[in-house]
Each structure stands twice: as C-alpha cells, then as structure tokens.
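My entries follow in the order I checked things.

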Amino acid sequence: VMLPNGARAGFFLGDGAGVGKGRQISGIILDSWARGRRQHVWLSTSRDLKLDADRDLSDLGMHGIKVIDGCQELDGETRAFGLSKDFKEGVLFLTYATLIGAGGKGKKSRADQIVDWCGGEA
C-alpha cells in the first residue's frame, strides 16, 4: 500500500489458528486488487498453507490471480528475474524462512529480490 506521502505500508495479522487469517488477508488483497495494485506478498509459517491461500482467494472470487509459490518458482521461471508476463503480478506466497535467504556470490538476497518484484524501493 502506498501512503499519501509516497511511503509504503504493509499489514501484519498474527491471530491464532483457525480464526480466519487467510480470509482476512484475501479480503485485503481483493480490495487492493480492485484499486489497481497487482503485486502482493503473503508471508506464512509453512509452505503447506499455500493451498489454503489459493482456496481463500478463490472463495472470494479471485480465480484469475496467480499465487506464486515462493521465490523458487520465480527462479524456475527465470534465472535472472526477467519474468514472463504471468509472473509480473499476483500474490507471492513466501515463508518467513525465505526472507533470510542469501543470494550467494554476486546475487541479490531473497529480501532484495522480493522488493524488486514489488517494484523496487519507494
């Protein structure tokens, strides 16, 4: 989300299990998508919850939005982050562990790749 002063903002939802976090996050993404924002990052504790994210988005009628399964899927799509059209918008589903991934020799860190995918630093 872009604030009136041009700064970026995010949202953290940390409720307990079974209270509908996925539905709440999907609702926020739906609202943001309707406002023309086409890149979203969904952080979770487990890759196993990606299917739940797909289901929650679909249940809100967001059938055409691609849920990208982490940076690994982006890497598989392009070795140099020059993404095809199918990977330039959607929901990037990541685990917290992904954020600490180092980029290796001469490569960007995972966090830097995620920022770039979102459009770079504000």
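**Entry 1: the fold.** For the order of elements I took helices and strands as DSSP runs, helices of at least four residues and strands of at least two, numbered from the N terminus. The model is predicted, so I read local features only where pLDDT is at least 70. I found five helices and three strands. Read from the N terminus, they run α-β-α-β-α-β-α-α. The protein has 122 residues, and 32% of them are buried. I then looked at the contacts with a separation of 6 or more. Of these, 62% join residues 24 or more positions apart.

**Entry 2: the nonpolar core.** Which residues make up the largest nonpolar core? I listed twelve: Leu13, Ile25, Ile29, Trp33, Trp42, Ala53, Leu57, Met62, Ile65, Val67, Val91 and Phe93. Helix 1, helix 2 and strand 3 each give two or more residues to this core. Helix 1 gives the most, with three. I also noted a second, separate core of six residues. Ile68, Phe87, Leu92 and Ile114 are among them. In soluble globular proteins, nonpolar side chains tend to be buried together.

Setting aside residues up to four places away in sequence, Ile25 touches Leu13 and Trp42.

**Entry 3: the aromatic pair.** The partners are Trp42 and Phe93, with ring centres 6.1 Å apart. Their planes meet at 50°, so I logged the pair as tilted. The cut-offs matter here: under 30 degrees would be stacked, and over 60 would be edge-to-face. Trp42 sits in strand 1 and Phe93 in strand 3 (residues 90-95), so the pair ties together parts that are 51 residues apart in sequence. Both residues are buried. Both are also on the list for the largest nonpolar core.

**Entry 4: Leu43 and Ser44.** I moved along strand 1. Buried or partly exposed: how does Ser44 count? Its relative accessibility is 8%, so I wrote it down as buried. Leu43 comes out at 31%, so it counts as partly exposed. The cut-off for buried is under 20%.

Ser44 is in contact with Leu49, Phe93, Leu94, Thr95 and Tyr96. Leu43 touches Leu94, Thr95, Tyr96 and Leu99. I also took one C-alpha distance. Leu43 and Thr95 are 52 residues apart along the chain, yet their C-alpha atoms are separated by 5.3 Å.

**Entry 5: Lys66.** I found Lys66 in the loop between helix 2 and strand 2 (67-69). Its relative accessibility is 30%, so Lys66 counts as partly exposed. Where does the chain come back to it? Lys66 and Gly90 are 24 residues apart in sequence, and their C-alpha atoms are 4.9 Å apart in space.

**Entry 6: the largest pocket.** Rolling a probe the size of a water molecule over the atoms shows where empty space is left. The largest pocket holds about 1,400 Å³ of space. How many residues line the largest pocket? I counted 44, and Phe11, Ile25, Val41, Trp42 and Leu43 lie nearest its centre. Helix 1 (21-34), strand 1 (39-44), helix 2 (50-59), helix 4 (96-99) and helix 5 (110-117) each give two or more residues to the lining. Helix 1 has the largest share, eight residues. By type, the lining divides into 22 nonpolar, twelve polar and ten charged residues.

Terms used:
Residues numbered from 1 in each chain as written. Predicted model: local features only at pLDDT ≥ 70, side-chain atom pairs only at ≥ 80, totals over all residues. Heavy atoms only, no water. 1 Å grid on protein atoms, 1.4 Å probe; cavity = no way out; pocket = protein on both sides within 12 Å on 5 of 7 lines; lining within 4 Å. Points joined across faces, edges and corners; volume = space filled by probe spheres on them. Nonpolar A, V, L, I, M, F, W, Y, C, P; charged D, E, K, R; others polar. Phe/Tyr/Trp six-rings, centres within 6.5 Å; stacked < 30°, edge-to-face > 60°. Buried < 20%, exposed > 50% of the residue type's maximum accessible area, 1.4 Å probe, protein only. Core = buried A, V, L, I, M, F, W, Y, C linked by side-chain atoms within 4.5 Å. Contact = heavy atoms within 4.5 Å.
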